[in-house]
Amino acid sequence: QLQLVESGGGLVQPGGSLRLSCSASGLTFNYRAIGWFRQAPGKEREGVSCSGTIGGSTYYVESVKGRFTISRDNAKNTVYLQMNSLKPEATAVYYCAASRQGSTAPAQDMCRSRRESNYWGQGTQVTVSS
């Protein structure tokens, strides 16, 4: 059974850090574009950060540049989102997603078009509040 499972969410004060993890079963992240998306109440889901399969391309939405870092550990079949200097507007449910294997979608396309995201996790809540 193909499954993505996110973890690492929680409540953090403004300025704090969290590291989200996404582990996979039934599939590997090799040769797949991966991404982190978030959805706040009343808002559409947006691509936060994505990683492509060619040339190590990465994409970050403008609001998180310099503070968030996406990475993957193929040996552990896990992807991460390190989030530093968190702001209250980062409060949302965060989802990881993976493309089909062999996808050549650039990181930007993975984040901006949900058509590239074939597999989704169930989400993890991140709340940034004092």
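**Strands, hairpins and a core**

Modeller: Happy to go through this predicted model with you. In the hairpin of strand 5 and strand 6, with six residues between the strands, Gly55 takes a positive phi near 70°.

Colleague: What makes strand 5 and strand 6 a pair?

Modeller: Pairing needs at least two bridges. Strand 5 and strand 6 (residues 58-60) have three bridges, in the antiparallel sense, so they count as paired. One example is Ser51, whose bridge partner is Thr58 in strand 6.

Colleague: And how do you know that strand 4 pairs with strand 5?

Modeller: By the cut-off of at least two bridges: strand 4 (residues 34-39) and strand 5 are joined antiparallel over five bridges. Arg38 stands opposite Glu46 in strand 5. Their hairpin also has six residues between the strands, and there Gly42 has a positive phi near 80°.

Colleague: Why is strand 5 called largely enclosed?

Modeller: Buried means under 20% relative accessible area. Five of the six residues of strand 5 (residues 46-51) are buried, so the rest of the structure largely encloses this strand.

Colleague: Which residues have the most contacts inside the largest nonpolar core?

Modeller: Phe29, Phe68, Met83 and Tyr94, in a core of 36 residues. Strand 9 (residues 92-98) gives the largest share, five residues.

How values were computed: Residues numbered from 1 in each chain as written. Predicted model: local features only at pLDDT ≥ 70, side-chain atom pairs only at ≥ 80, totals over all residues. Heavy atoms only, no water. Core = buried A, V, L, I, M, F, W, Y, C linked by side-chain atoms within 4.5 Å. Buried < 20%, exposed > 50% of the residue type's maximum accessible area, 1.4 Å probe, protein only. Helix = DSSP H or I, 4+ residues; strand = E, 2+ residues; numbered from the N terminus.
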